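Take a look at the structure below. Then read on for a short tour of two of its sites.

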Amino acid sequence: MPDTVTLLIEPLPADDYDTPVDGTFREVDASAPALRVGELSTQRGDGIFETIGVVDGHAQEARPHLERLRNSARICELPEPNLRQWEAAIARAVDGIPSTGEFALKLVLSRGVEHGPAPTAWLHVAPAADFTRVRERGVRVATLDRGYARGTAERAPWLLLGAKTLSYAVNMAALREAKRRGADDAVFVTSDGYVMEGPTSSVILRHGDTWSTPAPSGAILHGTTQLSLFEHLASTGRSTEYRDIPVADLERADAAWLVSSVRLAVSITELDGRGMPSDPAETRALNEYLLSPRD
Ligand code: PLP
């Protein structure tokens, strides 16, 4: 059995409840050319995406990811995705890979070719990197000014801050800057000093028994992993809250994590060169939960 599957998808309108979806995607060889040079996703990063973790044959939180894809489409004024079609494509891709191990499944919806008739879409699933070590050891983090004050998303919606767009060059530049500063990862902060998110993760922290994360104000992506963890924590009697978090609160946390769909939960062990307390037992428990089948 191959360990990657790539599907090209002809997006159906959101309100198409009847077309048999199986005829709307076809498997292609990921190493062969598949996109046209006029693709706006490649030329301008003009499109949206989702990355879903697949654990032992189960696509984790597929529905919340698809709902976020729909929200990103709305923010970017792309045609609303047909979730029935995407669900079927995810099921087909997951059927085509081994039923054990961790995989990353990426969905892309692009504005398509300039002056072209329709958006383009594809899905690619491949083995995930091995994150065992980083889940155990954690990451050193540099805080980086995102250059925006709190409230920017409301004042300047054309920045598309709450959408998961393909324009990740800034996020990748932040990771390079973090490495230059001797860290492994970054946490963006607003220009007025509030915690936002990592370039590819959400931030959660714990003070005593209270777990907090920045309020999903529209300036950051609302992480599916963070949401799932907070539901899990609340269901086991822990107290969770969304709030504005000044950087000083992150510095004083009893423990803090970066969380995301494929790497899952990793402890922040150092912040701007200063050691942070971590909680290895709690981190293991969080990842145990995150690796269990979740819808
Ligand atoms: N914030 C950003 C900017 C991200 O790119 C990601 C994931 O890639 C996240 C947060 C975490 O989102 P999720 O938990 O849904 O993977």
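The report covers the ligand site and then a pocket.

## The model

This is a predicted model. Keep that in mind throughout.

## Around the ligand

Which residues come nearest to the ligand? They are Lys164, Tyr168, Thr224, Thr225 and Ser261, out of 17 residues around the ligand. Some of them place polar side-chain atoms by its oxygen atoms. For Tyr168, an N or O atom of the side chain is 2.5 Å from a ligand oxygen. Thr225 has a polar side-chain atom 2.5 Å from an oxygen atom of the ligand. For Lys164, a polar side-chain atom lies 2.8 Å from a ligand oxygen.

How much of the ligand does the protein cover? On its own, the ligand has 390 Å² of accessible area, and the protein covers 94% of it. By class, the shell has ten polar, four nonpolar and three charged residues.

## The second largest pocket

This pocket has a volume of about 260 Å³. It is lined by 17 residues. Closest to its centre are Leu8, Ile9, Glu10, Arg26 and Thr120.

Strands supply part of the lining. β1 (5-9), β2 (25-28) and β6 (120-127) each give two or more residues. Which element gives the most? The answer is β6, with three residues. What classes of residue make up the lining? Ten are nonpolar, four are charged and three are polar.

Technical notes: Residues are numbered from 1 along each chain as its sequence is written. This is a predicted model: local features need pLDDT of at least 70, side-chain atom pairs count only at pLDDT 80 or more; totals for chains, interfaces and linings use all residues. Side-chain values use heavy atoms; hydrogens and water are left out. A residue is near a molecule or strand if one of its heavy atoms lies within 4 Å of it. A polar contact is a pair of N or O atoms within 3.5 Å; within protein, one must be able to donate a hydrogen and the other to accept it, and residues adjacent in sequence count only if both atoms are side-chain atoms. Accessible areas come from the Shrake-Rupley method with a 1.4 Å probe; for residues, only the protein chains shown count as cover. Ala, Val, Leu, Ile, Met, Phe, Trp, Tyr, Cys and Pro count as nonpolar, Asp, Glu, Lys and Arg as charged, and the others, Gly among them, as polar. On a 1 Å grid over the protein atoms alone, a cavity is a set of points where a 1.4 Å probe fits but cannot get out, and a pocket is an open set with protein on both sides within 12 Å along at least five of seven lines; lining residues have an atom within 4 Å of a point. Grid points are joined across faces, edges and corners, and a volume is the space filled by probe spheres set on the points. Helices (H or I, at least four residues) and strands (E, at least two) are DSSP runs, numbered from the N terminus.
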